[in-house]
Amino acid sequence: MDFGYSPRLREIQHRAAGLAEKFMAYEQACEARGGLPAEDLASVRKDTLSSGLQAINMPVRWGGAGLSFLEQAIVHEELGKLTNGLWEMVWRPANALAAGTPEQRERWLTPCIRGVRRDAVAITEQDAGSDPLSHATTAERVGDRFRLTGEKWFVTSGDLADFLLVLATVPGEGPTMFLVDKDLTGVAVKRTPRYMHTFVVEHPEFTFHDVDLGPETVLGEIGHGYELTRAWFTAERLLIGARAIGAAERALTLATDWARQRVQYGQPIIGFQLIQRG
């Protein structure tokens, strides 16, 4: 069995590696500032579009790169070599957005594919982590509209996002995914926790207090929000694995390069047996 990459896979890997190399120039600034300024974000967007790796999980006919999941994993293995979570800058809209109507695509997904809007997925709560169905956020029916109330934690890229995909229960009808613009009345950032890592984006906590939502904000079908959530988690967790491989590869390269140049006791430390075992 041949596990080698086809010419197409090699080409995709080469493009992703080139993009990652460009973004490495931002690593030190991101580390020092805890993020990137607007001018750097604009450059990142331009480079991503030039690479053709925008929205790699969305069809070409919608403006995405239309990559298979294997191809997406190859891209993320290369992006995983970046520090400070800079891989997050190569936007990949939540796959749940593909379940939207044509009108929803035009309003929410297409701008994300172009990189002019950002989405963030809001699932986790204080008492709902690995069991997302234990969430307490609700969206009560008020006529033909909904009233969203609750709280979400660890909303990665929620600081840069323009809108959120919020999992909430419609009483008597089940968990449902809603498209919630952040500028709606009743949407607020409760706090932005500090973490041990430095990341190009934040993971704020959001509160929703009687947020008025129209029927056009329901993504997919009422009561089918968990299916969308599960599909999103599956893809995201698999790509974490791909990025971890890339991170390990770069860590080994950096460590080896350092061991070659670091001199102790009159010789490079790479010559010491314990370093070689590491």
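This is a predicted model: local features need pLDDT of at least 70, side-chain atom pairs count only at pLDDT 80 or more; totals for chains, interfaces and linings use all residues.

Reader: Which residues of H4 are buried?

Author: A residue counts as buried when its relative accessible area is under 20%. By that rule, the buried residues of H4 are Glu71, Gln72, Ile74, Val75, His76, Glu77, Glu78 and Leu79. The helix is mostly covered, with 8 of its 11 residues buried.

Reader: What do the buried residues of H4 pack against?

Author: They pack against H1 and helix H6, which spans 225–261.

Reader: How should I describe a pair of packed helices?

Author: Two packed helices are described by the angle between their axes and the distance between the axes. Here, the axes of H1 and H4 cross at roughly 30 degrees and come within 8 Å. Angles under 35 degrees count as roughly parallel, so H1 is roughly parallel to H4. The crossing of H1 past H4 is right-handed.

Reader: Which residues make the contact?

Author: From H1 come Arg8, Leu9, Ile12, Gln13, Ala16, Ala17 and Ala20, and from H4 come Leu70, Glu71, Ile74, Val75, Glu78 and Leu79. By type, the contact of H1 with H4 divides into 9 nonpolar, 1 polar and 3 charged residues. To make sense of the spacing in such a list, remember that an α-helix has 3.6 residues a turn, so residues three or four places apart point the same way.

Reader: Is Gln72 buried or exposed?

Author: Gln72, which lies in helix H4 (residues 69–79), has a relative accessible area of 5%, so Gln72 is buried. Leaving aside residues up to four places away in sequence, Gln72 touches Ile56, Asn57, Leu67, Arg92 and Leu239.

Reader: And where does Ala25 lie?

Author: Ala25 is in the loop between helix H1 (7–23) and helix H2 (27–33). Exposed means over 50%, so Ala25, at 65% relative accessibility, counts as exposed. The C-alpha atoms of Ala25 and Val200 are separated by 13 Å, and these two residues are 175 residues apart along the chain.

Reader: How many helices and strands does the chain have?

Author: There are 7 helices and 10 strands. The C-alpha trace spans about 80 × 40 × 40 Å along its principal axes, and 46% of the 278 residues are buried. Of the contacts with a separation of 6 or more, 69% link residues 24 or more positions apart. The chain exposes about 14300 Å², and carbon and sulfur atoms supply 54% of that area.

Key
Residues are numbered from 1 along each chain as its sequence is written. Side-chain values use heavy atoms; hydrogens and water are left out. Helices (H or I, at least four residues) and strands (E, at least two) are DSSP runs, numbered from the N terminus. Buried means under 20% relative accessible area, exposed over 50%, partly exposed in between (1.4 Å probe, protein chains only). Contact means heavy atoms within 4.5 Å. Axes are lines fitted to C-alpha atoms, for helices over the stretch in contact, and angles run from 0 to 180 degrees between N-to-C directions. Angles under 35 degrees count as roughly parallel, over 145 as roughly antiparallel, 65 to 115 as roughly perpendicular and the rest as oblique. A crossing is left-handed if the near helix is turned anticlockwise from the far one by less than a right angle, and right-handed if clockwise. Ala, Val, Leu, Ile, Met, Phe, Trp, Tyr, Cys and Pro count as nonpolar, Asp, Glu, Lys and Arg as charged, and the others, Gly among them, as polar. Accessible areas come from the Shrake-Rupley method with a 1.4 Å probe; for residues, only the protein chains shown count as cover.
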